[in-house]
Amino acid sequence: MNKSTIGEMESFAYDDGITRKFVWATLVWGVVAMLLGVIIAFQLASWKVNLGLPWTTFGRLRPLHTNAAIFAFVGNGMFAGIYYSLQRLTKARMFNDTLSKIHFWGWQLIIVAAAITLPLGMTAGKEYAELEWPIDIAIAVVWVVFAVNFFGTLVRRREKHIYVAIWFYISTLITVAVLHIVNSISIPVSLMKSYSVYAGVQDALVQWWYGHNAVAFFLTTPILGLMYYFVPKAINRPVYSYRLSIIHFWSLVFIYIWAGPHHLLYTALPEWAQTVGMVFSVSLWAPSWGGMINGLLTLRGAWDRVRREPVLKFLATAITFYGMSTFEGPLLSIKSVNAMAHYTDWIVGHVHSGTIGWNYMLSAGMLYYMVPKLWKTDIYSVKLGNLQYWTATIGLILYIISMWVAGITQGSMWRAIDQETGMLVYPNFIETVVRIVPMYWVRAIGGTLVLLSFIIMFYNMVKTMQKNTSPLVDEAHKAVSFRAKKPEKEKGHRLLEGMPMVFSVLALLAILVGSIIEILPALMSSSYVKKDENIKPYSALELAGRDIYIREGCYVCHSQMIRPMADEALRYGKPSEAAESIYDHPFQWGSRRIGPDLARVAGKYRDIWHFRHMMDPRSTSPGSIMPAYPWLFKEKTDFGVLKKKLSVMNALGVPYTDEEIENAPNAAIEQAKAITQVLQESGVSESVHNKQIVALIAYLQRLGNY
Amino acid sequence: MKKEVLSQFSMPWLTSLACVLFVVVFVGMLLWTFRKGSTKLYEECGHIPLEDGAEKRGNS
């Protein structure tokens, strides 16, 4: 049938080829991300798994695991679901096939670039935003390509109304762009090294505004959109309450953006910002559960099918875990709970109940629905689907419970103060580590089960694809052209959702209100962070050491932020103050204490202690799970680049004089020689002044020493 | 730290503004979803995913 033979009827075909590509990428990167997770889980159980190589140590692989899980696995899964559902919800083919391909290949290239640069230690040192500036630019470009393709499709749609799933996609498109660009602004030193324009408390607030909303707008809102499409689809009935889905959308989008500061409770972040973060995090519970209830009630009366069909089984479990982790999140944001849980494995367990319970489960349900449709066949094995389901669920439960136990145990041990003596019950940090190592084994086993379950799905999906031997041709569909229709008198909702651009602007406003109110005071932090005359910028050698600290991902296991609590004061010293990190581009407050806090480590140990500790942590701290860093004793410090580094810092507002910048390499060499002499007096025979270990010692002996 | 920051934090209106904005937006949005004629519209919208490209709904 030709175009326009029946009035305004048009014939078109969906581009399912691009969806199939994204499905493949989801499967492949899913295995990679989970394999990396299993490797680093075993590294915590046994330090030997670090293999003694720079590019396989925990500090470099953990960022790769998080990036792979979030942006490669969930990212590709999200794109697969969006390309599949957007076309069907708008009754239109993607706007431009070339843009679709650029989006696909561009995204895969970015992932490959991440997989190469992160193990090499090229990192910006900000959690979930570790990638260096050229890759950041590539991400922004590919994201814009995706946005053009997406909105182009909306403009050409043949369906008047914009279904609520698309609203969720739009909020992701807009917010991720804003978050990524604002958080990534930095000044390059070289092709693969840059310094964040923000410093200290300001950088902390921007980073966690980004970090939390990466969870919100990358791991949650688009996946909710997928839920609102695939759950009704799989069960063949509309969502329980469309009105509730709209309330869910607006309240979630408006509230989520405020919640970031809950990552910084009890830190040197202004108290009022912490309270705002906590209140909004607790408020988030309401819209989240509204969405969960809406999803679960859509399945009402069909629970027998949930028992039989893998698609519904995974979807129902995903929604349940969405409910669980959005209950746990607000709970952890309550300051008194957070006081105990922060820096412990409880947070790690919480994150994985979200990523495995919600993201993995929903992706699996979506793939079980989509793959047979895309390859025009039936699922290869329902039995394997069930096996996968139970393997994943048991693995996940082992994971979450072991992390609860580890987190609460360690949190309790840290804060235990003897009532008679007023001293710490466990003054040696290592005691609190050794105690939870058994839980690390349980977690690693749980993680292995999750990986195995994913491999089962991989096999099941490949077998399903192979069942189809005929060529895959995109089917032709017919629908009435939207634009040819007579305009109706419309108002209110119709007007709003009929205009994607107006809607997008409103969604942008909703997220900007929270962002601006929260970030504005931080950007003006210079007016209220009291300057401390004693706090001087890092010396050239200390700066070189700091970059090694960042390169090795030390911040992944060590915080630099002492909270104002009795036990922390006893263990680490005076609580950290905002003024102390004003020259820290980027800040290194950290989020987890797998090892102790380092904010005031200066002077606590002699130089030779650090020297031996980095060579073999167990020689100075028996029972330590820290990897050894033998390469720091071979690789040379690049003194030449220090001039450039100081001048970039100077451009960012760190008060180095022209003379200091000019003299940076010589000053660094002099300081290194002085440290080497101290080391030699302690029995180090070889000449090490130009080795990286010396720069690192200089930095560590500076932390908290003003 | 708390005293130090609060003594120099000169924007108390900001938090009040945030609170008022939030309540107004939320209540407004709630009322808006219950406006006249929305039930029929939402009923219609809810069915969009089930159509899958076919031209079932004649006149809409």
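User: Let's start with two helices, α4(A) and α5(A). Is their crossing left-handed or right-handed?
Analyst: Good place to begin! This is a predicted model, and in it α4(A) crosses α5(A) in a left-handed way.

User: Which residues make the contact there?
Analyst: On the α4(A) side they include A:Trp143, A:Phe146, A:Phe150 and A:Phe151. From α5(A), A:Tyr169, A:Leu173, A:Val176 and A:His180 are among them. Sorted by class, the contact residues of this pair come to 14 nonpolar, 3 polar and 1 charged.

User: And what angle do α4(A) and α5(A) pack at?
Analyst: About 155°, and their axes are 11 Å apart. Angles over 145 degrees count as roughly antiparallel, so that is the description for α4(A) and α5(A).

User: Nice. What about α1(A) and α13(A), what's the angle there?
Analyst: Helix α1, residues 16-45 of chain A, packs against helix α13, residues 345-374 of chain A, at about 140°. Their axes are 11 Å apart. The crossing of α1(A) with α13(A) is left-handed.

User: Which residues meet in that one?
Analyst: α1(A) brings A:Asp16, A:Thr19, A:Arg20, A:Val23, A:Leu27 and A:Met34. Facing them from α13(A) are A:Tyr360, A:Leu367, A:Met370, A:Val371 and A:Leu374. By class, that contact has 8 nonpolar, 1 polar and 2 charged residues.

User: Are A:Phe249 and A:Trp250 buried or exposed?
Analyst: Both A:Phe249 and A:Trp250 are buried.

User: Okay, now A:Ala479. Where does that residue lie?
Analyst: You'll find A:Ala479 in strand β4 of chain A, which covers residues 476-480.

User: Why does A:Ala479 count as buried?
Analyst: Because its relative accessible area is 1%, and buried means under 20%.

User: How far apart are A:Ala479 and A:Tyr242?
Analyst: In sequence, 237 residues separate A:Ala479 from A:Tyr242. In space, the two are 24 Å apart, C-alpha to C-alpha.

Key
Residues numbered from 1 in each chain as written. Chains lettered and ligands numbered in written order. Predicted model: local features only at pLDDT ≥ 70, side-chain atom pairs only at ≥ 80, totals over all residues. Heavy atoms only, no water. Axes fitted to C-alpha atoms, helices over the stretch in contact; angles between N-to-C directions. Helix = DSSP H or I, 4+ residues; strand = E, 2+ residues; numbered from the N terminus. Parallel < 35°, antiparallel > 145°, perpendicular 65-115°, else oblique. Left-handed = near helix turned anticlockwise from the far one by under 90°. Contact = heavy atoms within 4.5 Å. Nonpolar A, V, L, I, M, F, W, Y, C, P; charged D, E, K, R; others polar. Buried < 20%, exposed > 50% of the residue type's maximum accessible area, 1.4 Å probe, protein only.
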